[in-house]
Amino acid sequence: MKSGIQYQIKVIIIGARQVGKSALTVRYLTRRYIGEYKSHTDLSYRQVFCIDGSSIEVEIVDVSNHPEDTSVPVTRAKNSDACVVVYSISDRTSFKAAHEALAALQASSQRKSFEDDNKEEQEINPAPLSVPVVLLANKKDLGHLRQVEADEGRELAKQFSCVFCEVSAADPAESEPEDLAGIFNQLIKEARSFKIRQQDTNNNAHNNNNGSSNNNRQRKRSVYIINRMLGSLMGRNSMPPELPSSRKGGTSQMASSMPNVAGSFRSVFKKRSV
Ligand SMILES: Nc1nc2c(ncn2[C@@H]2O[C@H](COP(=O)(O)OP(=O)(O)OP(=O)(O)O)[C@@H](O)[C@H]2O)c(=O)[nH]1
Ligand SMILES: [Mg+2]
């Protein structure tokens, strides 16, 4: 790990072709909308952010699908710390692909969690997704071409215990009340918290195996502290910038403008055990 960097978080963006993965990624990182992307390779963006006083290197991987492949390349989500699954509200096939992607992510979590358990138990009590996941329904501005209702997306997200939002990379005003930057920021924070908990669990297990305990490692982390998010990606300060600010900026504004998202993250992720 580079000096000064306390955590590295890898966020992967997956979804069917042409749903707006690149547009959403660029919108989050630059607050701009670029309509056309000609890329047949994964695009990786790295940026060091300051979150709650910690320097975190965030890598966002915008996965490119093979032109002839209609399925979502879920295997790319392997080794990521957070995942954004995207579909377009104007493309029902992409919604089905998102469903399949979530099922595949859950199946891989299940393999990890229940390696030694029997299949019956897996069916009764499916494992939660092994990393924080957000389901994004993009192109909300294309309401007149809508093929997938918001309730269907919400229901799907509920089924897989992940956060759901309808957004528009093209027209942020359509993303009300949730804001794209707020959603990504919350996901990155959750991924960091998840990583901290995992590290704590691993350390505790290690210490227990050695017959010793480390009380410091057992203290509970404050997971959902929302810090000021006024930093800009383009900032040239010697300190790393804070996460891209949500549209309305500021701590209290974000908390009040995104009660659903923050609330959903809390209710979804508190269920996880690591
Ligand atoms: N109306 C509208 N069009 C969008 C939106 N987001 C993306 N698009 C358009 O949808 C098309 C695909 O956008 P991309 O961002 O390239 O989609 P992608 O998922 O990265 O595509 P692939 O990498 O080829 O799989 C482009 O023509 C974008 O201009 C949106 O929110 N609203
Ligand atoms: Mg793309």
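Reply: Let's start at K139, which lies in the loop between strand β5 (133–138) and helix α4 (150–159). Helices (H or I, at least four residues) and strands (E, at least two) are DSSP runs, numbered from the N terminus. The model is predicted, with local features needing pLDDT of at least 70 and side-chain atom pairs counting only at pLDDT 80 or more, while totals for chains, interfaces and linings use all residues. Residues are numbered from 1 along each chain as its sequence is written, and chains are lettered from A and ligands numbered from 1 in the order in which they are written.

K139 counts as buried because it has 27 C-beta neighbours inside 10 Å; the cut-off is 20 or more other C-beta atoms within 10 Å, with exposed meaning 12 or fewer, partly exposed in between, and C-beta atoms placed from the backbone. Beyond its neighbours within four places in sequence, K139 is in contact with G20, S88, I89, S90 and S168, where contact means C-beta atoms, placed from the backbone, within 7 Å. V167 is 28 residues away from K139 in sequence, yet their C-alpha atoms are 6.4 Å apart.

One of those partners, G20, takes us to ligand 1. G20 is among the closest of the 20 residues around this ligand, together with K21, S22, A23 and A170; each has its C-beta atom, placed from the backbone, within 6 Å of the ligand. The shell is made up of six nonpolar, nine polar and five charged residues. Here Ala, Val, Leu, Ile, Met, Phe, Trp, Tyr, Cys and Pro count as nonpolar, Asp, Glu, Lys and Arg as charged, and the others, Gly among them, as polar. Helix α1 (residues 21–30) contributes the most to the shell, with three residues.

Follow α1 onward and you meet α5: their axes come within 9 Å and cross at roughly 90 degrees. These axes are lines fitted to C-alpha atoms over the stretch in contact, with angles from 0 to 180 degrees between N-to-C directions. The two helices α1 and α5 are therefore roughly perpendicular, a label for 65 to 115 degrees; under 35 is roughly parallel, over 145 roughly antiparallel and the rest oblique. L24, R27 and Y28 of α1 make the contact with L180, A181 and F184 of α5. Five of these contact residues are nonpolar, none polar and one charged.

Stepping back, the protein chain has eight helices and six strands, and 39% of its 274 residues count as buried.

Notes. Contact = placed C-beta atoms within 7 Å.
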